[in-house]
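I opened a notebook for this structure and wrote down what I looked up, entry by entry.

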Amino acid sequence: MKHSKIGLLYILPWLAGMLVLTLYPFVNALVISFTDYNLVREPNFIGFENYVTLFKDADFLSTLTATVKYTIFTVPFQLAFALFIAYILNFKLKGINFYRTAYYIPSLLGGNVAVAVLWRFLFQQEGFINRFIGLFGAAPIPWFSSVNGAMAVIVFLKVWQFGSSMLIFLAALKDVPQELYEAASVDGSTRFYSFFRITIPLITPTIFFNLVMQMVNAFQEFNGPYLVTGRGPLNATYLTSMYIYDNAFKYFNMGYASAASWVLFIIIMAVTAVLFATQNRWVFYSDEGN
Amino acid sequence: MGLRKKTGMVCAAALAVSLLAAGCSGSKTAEPVKGDTAGKDTGGVAELTFSWWGNDDRHQATQKAIDAFNTAHEGKIKVTGEPSGFGNLEETFATRYAGGTAADIMTVNYPWLLQYSPDGAGFYDLDQVNDTFDFSQYDPEFLKFGERKGKMQVIPYGQNTLGVYLNKSAFERAGIKELPKTFDEYKKAAEAFTKADPNSYLIVSPTFRFAAIYYLQQKTGKGEFADDLSMNYTQEDYKEALLWYKDLADAHVFCSRKDYIENVGNEPVSIAQNAKFINGGYAGVLEWTGGIASNAKTLSDKGDELAIAPLPVIEGAKFEGTMAKPSLTFAISKDSKNPKAAAEFLQYILNDPEGTKLMGSTRGMVASKAAKASLEADGQITGVVKDAYDFTENAKVINNSPIFENATFTNAYEKNYEKFEFGQSTADEAAKAIFDAISEENAKLVQQYK
């Protein structure tokens, strides 16, 4: 009893934060989504009007398309890249801790203003990237003003921040028993074959975890696109989170923005549920069969 | 489902929930939380905060004025500056205002007066401090811009006039000795510029809307909205504006939307610190006079000279001028615990000879007679700044409606011009989309403010 009270005391700060900063706004947003609240005037109850309007709103639907595209492009690339780097960093090499730290740094920097400036500098018309590809005779790419270029810029930024997935993969790779590789080697298995037949199956729970986490993050992405490309040409990089922000704080349609938030939340939950439903087919837990 | 799977599901749900927490917290009512930052009275010292936006030159000048004020009022009043850039002005203001964390002394964009104080009670009633702030330094007619329902809510700083400011040195380097006066002359000048740099443009405007309204005012002789807030332009007007701008963008007179997105971004922002403007890739701007000192300074740092160009007039113009609005305004928070001290600070930066000298011309043309006299005596109204004063006094203008800067309007112009320029819609479709979006928002605002 005493221990449980102490435990409760320890998690109290988190619990308070969760209740005040997450649960309250979460419920409040649902209430506001049924109103015409605009930050300045008293809200009026308008029923499902915001939700009905959302599904007729071409801009909202286009942001959903952009968000899905962004998620499809970033998540697989980021996971594959993170796994590839983790695999390399799992070898016993000289100075390996330095490399592990170096590869994690981009994730610490994230989508902040300094990184946004750097990214704009790299991809601008006469920036480093265009000069580099110019060395091979290629014409400069209008990264920010072309639909595909703008999307590529923010996808690169997200994929570059692979550090946290990489660390989780690294921990998982270390848990794979070496005896399995040795036995496979004795049977004539190549390193490539062992990777796909031993490593991948054994780390599927970690792949699944990273997949869910990164998918949820990608659907919620805001900082990078907002700071680097903005809406992009023809709203190419106008993600739903940015649309929510604009409606809330630029056009003061707080009720409408709250409704859009809830729709996005439901979409994320639905995709997460689908992923969970598929895991029986490809995720192997070591405690299964116990 | 194993415990591990259940835990994973809960984690995913919590993560997804956090999106709503990040994006949509808000108070149910407009009542600000009292006593947050609105002027703390600690130990006899009235602590005040002052928020403003601008470029570096404005930040430095304002901070110097704050420091001088604090030194002169040591032990009585202490002002802390809260500067910001030009981005997300309205979002920041709205959030702080609604959250009750607005500064004691606020810089307020003119259209926000109607929005936040439709009943004249959104800000502190400045008539209560007329023994501290000297309103006699202002033209009474001009001060009416700051009134709402008979209450003095904000102090307008000066008049902002839309004009064309050109990098005279870049024109000279292109072999053009005399600045263009008509759009045909601009087209010819653009040919000379693009020979040297095919990506150069003569005039960049923070938004297509400025150029469109400039054109439509001259064409129709009317502002975008009438005094009763109703719309003055038709769908056909918008179509003409789209075609006119596109023609000039194709000729590299006005910056194309594509080039703007590539080199500036999506949002309407000040061009003063843009690399392409500084390097002469944009040879001029269509902007408010309020930003002219910043534009001139960034060019002079590089050895180039900025000049005010004669206002180009379209063929068959009914009105040969431009648009104007009160430049930024100042308000005291209605929740400030020290409105008298706040008024004292406003008196210092807006009317006091020393304060106005330190503030300089970084906010554009001043309306206060005392401030103008102080700046003239200090030799600060010279060169392009003096030209801007002369331009402001002489230009024929139509004043913007208070609803002009509603973000929905600007977005309608930009989004639909962009679609048109990128070939995603015809001029007719784009004009209809602009007209419909503006009509819809206008109807809401008319209903709201009638």
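This is a predicted model: local features need pLDDT of at least 70, side-chain atom pairs count only at pLDDT 80 or more; totals for chains, interfaces and linings use all residues.

Entry 1. I looked up where Tyr70(A) sits, and its place is in helix 3 of chain A, residues 58-89. Leaving aside neighbours within four places in sequence, I listed the contacts of Tyr70(A) as Ile154(A), Val155(A), Ala218(A), Glu221(A) and Leu239(A). For one of these, Val155(A), I also looked up the C-alpha separation from Tyr70(A), which is 6.8 Å. The two residues are 85 residues apart along the chain.

Entry 2. I turned to chain A as a whole. I found 14 helices and 0 strands in chain A. Buried residues make up 35% of its 290 residues. The C-alpha trace of chain A spans about 75 × 70 × 35 Å along its principal axes. Among contacts in chain A with a separation of 6 or more, 71% join residues 24 or more positions apart.

Entry 3. I checked the confidence of chain A. The mean pLDDT is 92, and 98% of the residues score at least 70.

Entry 4. Where is the kink in helix 1 of chain A? I found the kink at Leu12(A), shortly before the proline Pro13(A), with an angle of about 50°. Helix 1 of chain A covers residues 2-32. I also noted Pro25(A), Phe26(A), Ala29(A) and Ile32(A) as buried residues in helix 1 of chain A.

Entry 5. I moved to chain B and took up helix 17 (residues 407-421) and helix 18 (residues 427-449). The axes of these two helices of chain B come within 9 Å and cross at roughly 170°. Angles over 145 degrees count as roughly antiparallel, and helix 17 of chain B and helix 18 of chain B are therefore roughly antiparallel to each other. On the side of helix 17 of chain B, the residues making the contact include Thr408(B), Phe409(B), Tyr413(B) and Phe420(B). On the side of helix 18 of chain B, they include Ala427(B), Ile434(B), Ile438(B) and Glu441(B). By class, I recorded 11 nonpolar, 2 polar and 2 charged residues in the contact of helix 17 of chain B with helix 18 of chain B.

Conventions
Residues are numbered from 1 along each chain as its sequence is written. Chains are lettered from A and ligands numbered from 1 in the order in which they are written. Axes are lines fitted to C-alpha atoms, for helices over the stretch in contact, and angles run from 0 to 180 degrees between N-to-C directions. Helices (H or I, at least four residues) and strands (E, at least two) are DSSP runs, numbered from the N terminus. Angles under 35 degrees count as roughly parallel, over 145 as roughly antiparallel, 65 to 115 as roughly perpendicular and the rest as oblique. Two residues are in contact if their C-beta atoms, placed from the backbone, lie within 7 Å. Ala, Val, Leu, Ile, Met, Phe, Trp, Tyr, Cys and Pro count as nonpolar, Asp, Glu, Lys and Arg as charged, and the others, Gly among them, as polar. pLDDT is the predictor's confidence in each residue, from 0 to 100. The bend at a residue is the angle between axes fitted to the seven residues ending there and the seven starting there. A residue is buried if 20 or more other C-beta atoms lie within 10 Å of its own, exposed if 12 or fewer, and partly exposed in between; C-beta atoms are placed from the backbone.
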